[in-house]
Amino acid sequence: MAEDFWLNPWLPLMALATSMVAAVVIFALPEERHGLRTGVNLAASLLKLGLITVMVWGVFQGLEYRLDFTMMPGIEFVLRADPLSMMFAGLSAVLWVLTTAYAVGYLEYSPNRSRFFGFFSLCVASTTGIALAGNLFTFFLFYEMLTLATYPLVVHRGTEKALAAGRTYIIYTLSGGALLLLGMAWLYAETGTLEFTQGGFVEGPLTPSLAIIFALLIAGLGVKAALFPLHGWLPQAMVAPAPVSALLHAVAVVKAGAFGIVRVVNDVFGIEFARDEGLLLPLAWLAAFTITYGSLRALAQQDLKRMLAFSTVSQVSYIVLGLCLASPLGMVGGLVHLLHQGIMKITLFFCAGNYAETLGVHRIDELDGAGRRMPATSIAFTIGAFGMIGVPPLAGFITKWTMGLGALEANMPWVVLVLLVSSVLNAAYFLPVVHRLWFRARERDWPEEVRWGRLETMSWLLWPPVLTAAAVVAIGVLASFQFSPLSWAELLVNREYLP
Amino acid sequence: MMSWLMAGLLFTPLAWAVVSLLVGFRTGRWLSWVGMVLQVGASVALWFAVARESGFYYALGGWQAPLGIELQVDGLALTFVLLTAAVASACGLHAGVYLDPDKPWQRYFWPLFWFLWAGLNAVWLGADLFNLYVGLELITLSAVGLVALGGDAGALRASLRYLLAALVGSMAYLLGVALMYGQFGTLSLAGMSHLAQEYPGLEGAGLAMALMMTGLALKTALFPLHGWLPPAHGIARSPVSALLSALVVKASFFIAARLWLELGPNLGTLALAQLAGVLGALAVLWGSWLACLQPQLKQVVAYSSVAQIGYLFLLFPLTWGVTEAVSQQAQQGMTLQVISHALAKAAMFLAAGNLILSTGSNRVSDLAGVSRFLPFSLFSFGLAGVSLMSLPPTGGFAAKWLLLQASLNSGQWWWTLVLLAGGLLSAAYVFRIYRASFVEHSELDQFYHPPRRLEAIPMMLALMSLGLGLVAEPLLSVMALPFGEGG
């Protein structure tokens, strides 16, 4: 693609607009036009994937895509594609295709699908906006939009429990948004800019107000990233339908928080400034604590989705911890986990949804013998679980290995200990589930079994987890290939930070 | 050309008011549609004329002040004229379908509507205190009449209460005007500002200022003088509530703001400025809190108005004794807040009217299942709610951002807490409505679908309020001299 191709500045906006337009079209379609709606959904997600692919290629070649206009005096709306934004946008585009397909199957025969898919598309649009935001203000805009777009998805079922979860969710996230806004307004009053800049735009020395701003921004983002003690909403939000949980955990909400923390540390404060002024160490401790705490809570859960939720609390903090190491390999490990965790976790949630929809199983102790009844799903689940534990050569192993090396490089050996403890805990809560799947015989009937033809479940539900599980293997085995997540994270760190 | 436009702008509302008094509701509706087109056309044309050149003073009928009536036609005034045209037309179109033409008293809707419009334009353009008073009275009397159109005993009671409060407010204001005249010998705002600068420390002017401010605060329903607003706005028919919340309370605030910006630097005190700010802050918190507790949908929206009006009064501390740049930010924030609240609140009341029409009940708990059956009106309500919560990219956010900057830059950080808490509390009452609409009841599937047009109008307003933040920059540049002198 040519350097000065006239369409270039518009590509980020087009990527954003595909999901926005899809949302509007879906809202406008009558409830009973299921076929057309599925078509619009899939077409939009594929189109978006195509646009993102073009931009990934361009960014790899060193192009920059940028669109901006002034909204308010001094405040610009900026969309921009750089390696970091491509990482997150790519993740959301790929997983949107799969989750859409999954959701089509999952929600067949249920009411209010027009509303569901409309907000679903808005949710993906927000994620894309977050990824492509070129300044803190644009980021905030889409960050808040994400909150509003996910609320109807969380309360989708309209039950008491769902409404209560939605209430908790909205209280947490809007309060987080308010902290973020305060931090952002203060930052602007202090520095006069909000534009994400390589190496950060905050200039030393560290004043108390800058330290408070940093704390406000991290707290505001930490709510969505489910950092302890701001994680309370996440396990409750599990009442949402499975595709929503999958998307919330893998791409949209928690990742938006983690991605925001990466942006604030790297492009607002600058990683070296933050490290040298001692801002990162407390954050590293908090992340390490959250990793251990989430795993311990996961051990105690009986409900499969709740267990996965606490596992997310733990895993997302890997990203933050890797970032806080502030050494090249540590950052690579943290950033690559942004993708790895997404793909592994979405696999696990898809599988949990399949057990619930096909067999009526929600609790871990009801899973005995599910491996025989649903082999493909169970293999996918096992791969996801092993990946989380960090079994070589799966994706999770790559993360933990790189981060471990990074910790040694940064001279923070205690982090290696955290990684080891966490892996043991991961094994302690995932292996019993795997054991039940494969090695326990079935003695009772399934709680609510549904049969769909020859396959173990509906094909819309079957293929997404199989594909993501294959990806978990592939990105681990092929980690050193040119466009693997690992290589991209290395490119990013080499090009942008810590040269 | 310009004078024709001005004449059209000022005289159509009065002429239409008189003519529609003579005909029934249905004929009045036809006439009013024509009138709205004329008004919107004149406002748009004038706005662009001023945006291209600059503001000017316009002497009505060629008579110069002090004998004649002089009007101050600047970017800010015309933006409000345009806002009025947009919101009033939307409410008028909605009312034409929403109100029941067979009730005999509804025929008075159109005359009152047009008198209200005339009064509003007079206030935005007025350049001296007495003309502002006349405009204000015209607004008050027609607004009270519109509330009474609800037709039942409750509506009458609410409108009488409103009338009483408004008259007390007018008295206080008029007394202040008289004292001012005694002190300065002129009623022109510009002249007074000039004199106050030349002879600082005038005894009595401070008292006059305080009297006028109190009267206007009562008419604007500033906490703790807000008691009359929720019953009146809650019980009026929805298009009327929309007019009242969106425009009527803004008129008295507009006068207060102009007085403050012209005379405040010399006659105001730090205590007065902070007092207004504190009352505004209390209004934000108290109004939002009560909005969260109301069992009735329209009362929620009405209390939300009390809260949103509170933000406006932060103008006083944020423009007193601060640098020019901060004052500018505060004024811009305030202007955007007025505009975005007008659009969002009108959208909200009209959408609430549709929801009530559809469920047949004003109770929040009866909204169960509405998200499935009336998603369009609910969506309009929601989008307007986003603006009230002041999330980006709405006009509400742009306003809040400027106010946050003004308070941080002037070192008055405590207002930032009010702004943030207000945002969260407004989210609480808006989400309470969403939550009710997401509840699923199997037995409650009886809904009436209002006509499409009724659903489209609030959506348009909500989208305008949503998009306001995106065009804040060009809009603010037209109002380059907010509350300032014309060219």
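# Helix packing, chain contact and turns

Q: In which hand does α4(B) pass α5(B), left or right?
A: This is a predicted model. In it, α4(B) passes α5(B) in a crossing whose hand is left.

Q: Are α4(B) and α5(B) roughly parallel or roughly antiparallel?
A: Helix α4(B) spans residues 109-125, and helix α5(B) spans residues 129-148. Their axes come within 8 Å and cross at roughly 155 degrees. Angles over 145 degrees count as roughly antiparallel. The crossing angle therefore makes α4(B), relative to α5(B), roughly antiparallel.

Q: How many charged residues does the contact of α4(B) with α5(B) have?
A: On α4(B), the contact residues include L112(B), F115(B), L116(B) and V123(B). On α5(B), they include L132(B), L136(B), I139(B) and L146(B). The contact has 14 nonpolar and 5 polar residues. Its count of charged residues is none: no charged residues.

Q: Are α16(B) and α19(B) roughly parallel or roughly antiparallel?
A: Helix α16(B) covers residues 375-388, and helix α19(B) covers residues 452-467. They pack with axes 9 Å apart, at an angle of about 25 degrees. Angles under 35 degrees count as roughly parallel. The packing angle therefore makes α16(B) and α19(B) roughly parallel.

Q: How many charged residues are in the contact of α16(B) with α19(B)?
A: The crossing of these two helices, α16(B) and α19(B), is left-handed. Among the residues that meet are F376(B) and L383(B) in α16(B), and E455(B) and M459(B) in α19(B). The contact divides into 9 nonpolar and 4 polar residues, and the number of charged residues is 1.

Q: Which element gives the largest share of the side of chain A that touches chain B?
A: In all, 26 residues of chain A are in contact with 28 residues of chain B. On the chain A side, β1 (65-72), α5 (136-154) and α6 (160-191) each give two or more residues. That side divides into 18 nonpolar, 5 polar and 3 charged residues. The largest share, 13 residues, comes from α6(A).

Q: Which residue in the turn between β1(A) and β2(A) has a positive phi?
A: Strands β1(A) and β2(A) run antiparallel and are joined by 7 bridges. One of the pairs is M72(A) with its partner I75(A) in β2(A). The two strands form a hairpin with 2 residues between them. In the turn, a positive phi of about 85 degrees belongs to G74(A).

Q: How far apart are the end C-alpha atoms of residues 75-117 of chain A?
A: An unreviewed UniProt entry annotates residues 75-117 of chain A as "domain: NADH-Ubiquinone oxidoreductase (complex I) chain 5 N-terminal". Over this stretch of chain A, the model is 67% helix and 16% strand. The distance between the end C-alpha atoms is 32 Å.

Q: Is the peptide bond from F228(A) to P229(A) cis or trans?
A: P229(A) sits in the loop between α7 (208-224) and α8 (233-236) of chain A. With omega near 0 degrees, the bond from F228(A) to P229(A) is cis.

Q: Where is P393(A)?
A: The peptide bond from P392(A) to P393(A) is cis, with omega near 0 degrees. P393(A) lies in the chain A loop between α16 (375-389) and α17 (395-409).

Q: What is the phi of A326(A)?
A: A326(A) lies in the loop between α13 (304-325) and α14 (328-359) of chain A. This residue, A326(A), is not a glycine, yet its phi is positive, about 55 degrees.

Definitions and conventions:
Residues are numbered from 1 along each chain as its sequence is written. Chains are lettered from A and ligands numbered from 1 in the order in which they are written. This is a predicted model: local features need pLDDT of at least 70, side-chain atom pairs count only at pLDDT 80 or more; totals for chains, interfaces and linings use all residues. Two residues are in contact if their C-beta atoms, placed from the backbone, lie within 7 Å. Helices (H or I, at least four residues) and strands (E, at least two) are DSSP runs, numbered from the N terminus. Ala, Val, Leu, Ile, Met, Phe, Trp, Tyr, Cys and Pro count as nonpolar, Asp, Glu, Lys and Arg as charged, and the others, Gly among them, as polar. UniProt positions are given in the numbering used here, feature names are shortened, and annotations may be inferred rather than shown by experiment. Axes are lines fitted to C-alpha atoms, for helices over the stretch in contact, and angles run from 0 to 180 degrees between N-to-C directions. Angles under 35 degrees count as roughly parallel, over 145 as roughly antiparallel, 65 to 115 as roughly perpendicular and the rest as oblique. A crossing is left-handed if the near helix is turned anticlockwise from the far one by less than a right angle, and right-handed if clockwise. Two strands pair if DSSP finds at least two bridges between them.
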